[in-house]
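Subject: Handing over the two-chain model

Dear colleague,

I am passing the structure below on to you, and after it you will find what turned up when it was examined. Please read the notes with the structure open beside them.

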Amino acid sequence: MMQAYGQEASAASELIAFRLGQQEFCLDIMSVRDIRGWTPTTPLPHSSSYVKGVINLRGAVLPVVDLADRLGFAPTEPSARHVIIITQVGDQTIGLLVDAVSDILTVAAGSIQPTPDVASELARAFMKGVIAMEGRMISLIALDSVLTPGQAGQGLPN
Amino acid sequence: MDTMAAIKQTFFQECDEQLAELEEGLLAIERGEGDLETINAVFRAVHSIKGGAGAFGLDDLVRFAHTFETTLDGMRAGTLDAAPPVVKLMLRSADALADLVHIARDGGEIDGERVARMSDELVRASGATPAPEQAAPAFEPPAFDGDGQQVDEFGFAPVQISFDTLIADDPAAGTVKVHFAPRPELYAKANDALRLLRELGRLGEMEVACDTSAVPLLTELDPEGAYLAWDITFTGDVAESAVREIFEFVEFDCDLTVETVAAPVMDEADAARTVEALLAQVAAEAAPPVAPASPVVVASEPAAKPAAANTQPGATIRVDLDRVDRLIDLVGELVINQSMLAQRVTEAGIARLSDVAVGLDDLENLTREIQDSVMAIRAQPVRPIFQRMSRVVREVADMTGKSARLVTEGENCEVDKTVIERLADPLTHMIRNAIDHGLEKPEDRIAAGKPEQGTVRMVAAHRSGRVVIEVSDDGAGINRAKVRQIAVDRGIVAADAQLSDAEIDDLIFAPGFSTAAAISDVSGRGVGMDVVRRSIQALGGRITIASRPGQGTTFTLSLPLTLAVLDGMIVTVAGQTLVVPLSAIVETLQPKAADVHALGEKARVIGIRGAFLPLIDVGAVLGYREEEADPLASVAMMVETENQSQCALMVDGIIGQQQVVIKSLETNYGHVFGVAGATILGDGRVAVILDVDAIVAGPARSDSARKRNAA
């Protein structure tokens, strides 16, 4: 499968697929800095429920967002099996708490379809589109809005 | 244009150094310590700024620097005496030059009138100079095209070589003089003036002067035109025919005059050096690509050369602060990792004296040493900020009609760069206050038997892991009766309050306090010492005052060496580990049932030595728990906030004191109420650092508190 897609690499992008509950999502691999196992976080005062707290990544302090909670699913009860995907969003580095990383996909840019209308309002706000692959549906996450408005730390003058 | 912007940035960085050198030199001259060397250094500083400014087309800057340079040249030539009024004028001119540089960098309105006035004064001061034009040939700002390449054919432009003195000498017999002005055709036929000059050089010793006066502005410049001309004077015995032979092939493509005149009397060594310098430059400039990063004018006259060698600064490199911070992060991480490793080794039951344990001890020593060295990279001497203050002293003294001098000590004391940057404003304010409010008018000083000129002293020193800066004046000291009266008038203290002298002195730090009876131009701007105290506290420092009537006032600043680390009290609250800045904590105690009182529905206060302080549960304020903790099972920490109010914070327990490395939460997240930052503890976990002021102020006031902190 990888070879078949690899031939048209110029128009294709690589994505990291991961699971939240029974659903599959993916991220552009270029925005992923690291993938690490769950480590206990330090909770921040007065933060939204989906901000699990902050962790230490090689000397930098970065927030961990429970992606399931952020998308309106049931909050994750993190355990050692859970995974934190460290991503670069603009100037910020944030960690996304997910159930498991499942695959690395190579897809042609044209194979990303618009998000179907049926999805919930909240979920749609965080999705750039969906990808059909071997009978599965994988949603492409829009990282920009994961830690934006309504967020304690956002919108402040720096 | 990115390259251009980068070059420009380098230029401004260099300007700052030159300006510092200029001021330092002038101050040395003022103190009477200036020798020819110092004057040369000062001249060179202005000259370099002019050269660079020319390269960037900063005409205002070039013009003023040129005038300044001309006057300085008079001083260098010995025609202008370095008398006190002259040096004063020079210092003020240096200030004006600094302003022009900063306007060029940051944008802003040039105070044309001031510059013109200053220029006039400079011209008048140098009036005694026999021929200022001689020392300052017309300077045409060389132009750069988009790629940062110079546009005239040889990239000659920023180089200004003045051989006028040599040529102006009375010629003696037997010398060949050549005037060579190529026309565009010469270059069109693939001839090269450089090659011709080299050929000439083979004939014998010669002096070459490049005439750049014909170079037009960039807009009018024809890239295929020819604008340079050379005057060549042979110092040795050269046949006119040999010279003509060299020009044989270009005779019709240039204006050429060759004549045998009387030989000038000159120092041969000088001449040799000059030619060498010129040839080196011609070669360097002609070799593509032109190095545009150094707009600094090269060797102007042989006399300046030895001086240049002497004042060479120590080998330094410029490094992006981000890189250093990254290094500090990594080293911090190394320290944490190392201690975790040590812990694991102990847990594994390995004997203390085993090779592994001993090796780990060595590793620990090494990591600590690395950490110290990395921290030292950020440290810089306080010298630049002290130098800046001498300007403040001059200006304020001028404005208030008082006579004052600044004495500094310990300029080499090193502090974290960020601390230094944030010291400028508070120090400026304190110096202003010291002169405006502290020093008496000259007649009062004489009446009090003091020297007419007041002294402001700034002393920096390292004391037990902190840097202490004292700002003192030898003025009248604090007028306590007046201070007290004002405080009572403004409702800061009750009219019948019993205050010790120290408490009265402390009143000047109270918000909204200003002692100047008439609000003066200088200090009475509504911001008082309370702002100074707040900015010092924001740096993790403290400020204290000591005053003796008739003898003066001393402010003492005690500052941390770096903002990157903080002395913290590690506490636990609702199962979380928090860090409280030690500088905020006055004392800690275990509340007794008899001391805790309920006040109203929910609020509680604690009685300490007769005073009642609000008792605040940190866990509840941060939202870690719904129900307030039982004060009797908690520890109360007395804290002092930026507006001097005291408060008791309740935490569950105290773990200990530790120096922690401050990490920003804002970088990857944002501001969080009640949190000043974060740190990484020995176990690798993140702990938040409490923002004591915000906690005390409560969420309602946190917005304004945050704005203040950001400012």
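How many helices and strands does the secondary structure of chain B come to? It comes to 23 helices and 22 strands, where helices (H or I, at least four residues) and strands (E, at least two) are DSSP runs numbered from the N terminus.

Before going further, please note that this is a predicted model, in which local features need pLDDT of at least 70 and side-chain atom pairs count only at pLDDT 80 or more, while totals for chains, interfaces and linings use all residues. Residues are numbered from 1 along each chain as its sequence is written, and chains are lettered from A and ligands numbered from 1 in the order in which they are written.

Chain B as a whole

Of the 711 residues of chain B, 35% count as buried; a residue is buried if 20 or more other C-beta atoms, placed from the backbone, lie within 10 Å of its own, exposed if 12 or fewer, and partly exposed in between. Among the contacts in chain B with a separation of 6 or more, 71% join residues 24 or more positions apart, a contact being a pair of residues whose C-beta atoms, placed from the backbone, lie within 7 Å.

Where the chains meet

The contact between the chains takes 27 residues from chain B and 25 residues from chain A. On the side of chain B that touches chain A, the elements giving two or more residues are helix H13 (321–347), strand E21 (675–680) and strand E22 (686–690), and H13(B) gives the most, with four residues. By class, this side of chain B has 14 nonpolar, eight polar and five charged residues, with Ala, Val, Leu, Ile, Met, Phe, Trp, Tyr, Cys and Pro counted as nonpolar, Asp, Glu, Lys and Arg as charged, and the others, Gly among them, as polar.

Helix H15 (residues 383–400) of chain B has 18 residues and reaches 26 Å from its first C-alpha to its last, close to the 26 Å expected at 1.5 Å a residue, a span taken as 1.5 Å times one less than the number of residues. Its buried residues are B:Ile385, B:Phe386, B:Met389, B:Ser390, B:Val392, B:Val393, B:Val396 and B:Ala397. They cover an arc of only 170° around the axis, which puts them on the same side of H15(B); the arc is that of the directions from the helix axis to the C-beta atoms.

In the loop between strand E10 (127–133) and strand E11 (136–141) of chain A lies A:Glu134, which has a positive phi of about 45° although it is not a glycine. B:Ala574, in the loop between strand E12 (565–573) and E13 of chain B, likewise is not a glycine and has a positive phi, of about 50°.

With kind regards

Methods: Contact = placed C-beta atoms within 7 Å.
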